[in-house]
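Good morning, and thank you for making the time.

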Amino acid sequence: MKTKQHIALAVMAAANKKMNVEEYVREEIPFLVLPDAIRAYIPQRKSGHFEISPDGTQQSWMEFPDAEILKRLTKENARERIRYFVATETPKCVIGEETQIDEFERKNFSHRHYHSLRIHMLQDIILDDVLRSMMVDVKRRFVDRFKIRHSGNVIDGARLRSQVDKFEDFGFITLAGAVYRSTGILLNEDFWEHQVREALLQAYPEDLALNTYRFMKLSEEDNERINNKKFDLSEREKANVYMAEDLTEVLATMYSRAYNATWRQV
């Protein structure tokens with residue numbers, strides 16, 4: 001799940017719990033997105049997402065740094081200051097393996113921001129489950145073949161990656177609409193620039209903050225669309241995500257599950 005979606009769901013839950021959203025963003029969002037952000041220093045996704053090898057013999061893991069260590073990290077010292085392990089027996093593939101949340105909990109239950117980190121894991125697990133169970137059969141992933149469930153068509157990893165990007169980008173627009181209808185918060189450029197970006201700069205080293213934020217920055221088109229409250233997807237946009245038989249239904253399934261999981265942790 002892309003970082004904008006992680007944040008949108010958490011902000012929606014915090015607002016609906018009548019929390020101070022600006023304070024929540026400042027204190028918790030840097031840790032909510034840390035499993036993705038830390039890849040700028042430790043690029044292997046599998047360690048920060050606790051992926052188990054396909055044969056179940058190796059478990060990747062990471063003990064996430066606390067606030068003091070995080071602020072002092074550099075690309076040069078991160079491998080020494082963060083405890084982590086990367087499974088070596090996983091073949092290359094466009095999608096990751098399954099996240100083992102039990103291992104995350106064992107390694108990080110005493111972290112001051114445990115619940116925010118756990119939200120990230122739960123949201124990614126739900127996205128992965130929806131992708132695999134509702135859209136794509138991934139059993140032949142190691143030969144770069146992915147079968148679309150509703151059509152039977154087979155695509156390669158490059159086309160799957162493109163489809164997942166569209167699925168998440170269009171999904172974010174609909175999610176921004178859900179956040180606005182539920183809380184009155186507009187997830188426009190002002191929100192990302194003046195709340196999220198500043199929270200990252202406060203918690204992270206500057207290079208890590210700016211690298212993380214560049215994946216959240218809205219396009220001019222999306223910012224205008226959100227400001228104008230044009231959250232409904234066009235028929236053409238829906239058709240562009242051809243791996244989903246009914247894009248609206250799949251997004252609603254994923255976001256409702258992810259929101260419920262997020263609500264319980266915020």
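I shall cover the core, the sheet, the pockets and then single residues.

First, the conventions. This is a predicted model, in which local features need pLDDT of at least 70 and side-chain atom pairs count only at pLDDT 80 or more, whereas totals for chains, interfaces and linings use all residues. Residues are numbered from 1 along each chain as its sequence is written, and side-chain values use heavy atoms, with hydrogens and water left out.

Let me begin with the core. In soluble globular proteins, nonpolar side chains tend to be buried together. By nonpolar core I mean a set of buried Ala, Val, Leu, Ile, Met, Phe, Trp, Tyr and Cys residues joined through side-chain atoms within 4.5 Å. Buried stands for under 20% relative accessible area, exposed for over 50%, and partly exposed for what lies in between, with a 1.4 Å probe and protein chains only. The largest nonpolar core has 85 residues, and the members that touch the most others are Ile7, Phe167, Trp192, Tyr204 and Met243. Helix H8, residues 114–135, provides the largest share of this core, with 10 residues. Helices (H or I, at least four residues) and strands (E, at least two) are DSSP runs, numbered from the N terminus.

Which residues does Met243 touch, not counting residues up to four places away in sequence? They are Leu131, Met135, Val136, Ile148, His150, Leu160, Gln163, Val164 and Phe167. Contact here means heavy atoms within 4.5 Å.

Three strands form an open sheet in the order E3-E4-E5, with antiparallel pairing; two strands pair if DSSP finds at least two bridges between them. Strand E3 (136–137) and strand E5 (154–155) are the edge strands, each pairing on one side only. E3 pairs with strand E4, residues 146–148, over 2 bridges, and Ile148 in E4 is the bridge partner of Val136.

In the loop between E3 and E4 we find Asp144. Its phi is near 60°, a positive value in a residue other than glycine, and Asp144 is partly exposed because its relative accessibility is 33%. Lys229 likewise has a positive phi near 60°. Lys229 sits in the loop between H12 and helix H13 (235–240), and at 38% relative accessibility it counts as partly exposed.

Now to the pockets. On a 1 Å grid over the protein atoms alone, a cavity is a set of points where a 1.4 Å probe fits but cannot get out, and a pocket is an open set with protein on both sides within 12 Å along at least five of seven lines; lining residues have an atom within 4 Å of a point. Grid points are joined across faces, edges and corners, and a volume is the space filled by probe spheres set on the points.

The largest pocket holds about 1200 Å³ of space. It is lined by 36 residues, and those closest to its centre are Asp36, Arg39, Arg45, Gly96 and Arg161. H8 contributes the largest share of this lining, 7 residues. By class, the lining of the largest pocket has 12 nonpolar, 7 polar and 17 charged residues. Ala, Val, Leu, Ile, Met, Phe, Trp, Tyr, Cys and Pro count as nonpolar, Asp, Glu, Lys and Arg as charged, and the others, Gly among them, as polar.

The second largest pocket has a volume of about 320 Å³. Its lining comprises 16 residues, with Thr174, Leu175, Ala178, Arg181 and Tyr255 nearest the centre. Helix H14 (247–265) is one of the elements that supply at least two residues of this lining, and H14 gives the largest share, 6 residues. This lining divides into 10 nonpolar, 3 polar and 3 charged residues.

Asp124 lies in helix H8 and counts as buried because its relative accessibility is 6%. Beyond neighbours within four places in sequence, Asp124 is in contact with Met1, His6, Arg45 and His49. Leu218, in the loop between H11 and helix H12 (220–227), is buried, with a relative accessible area of 10%. Apart from residues up to four places away in sequence, Leu218 touches several residues, among them Lys4, Phe172, Trp192 and Ile226.
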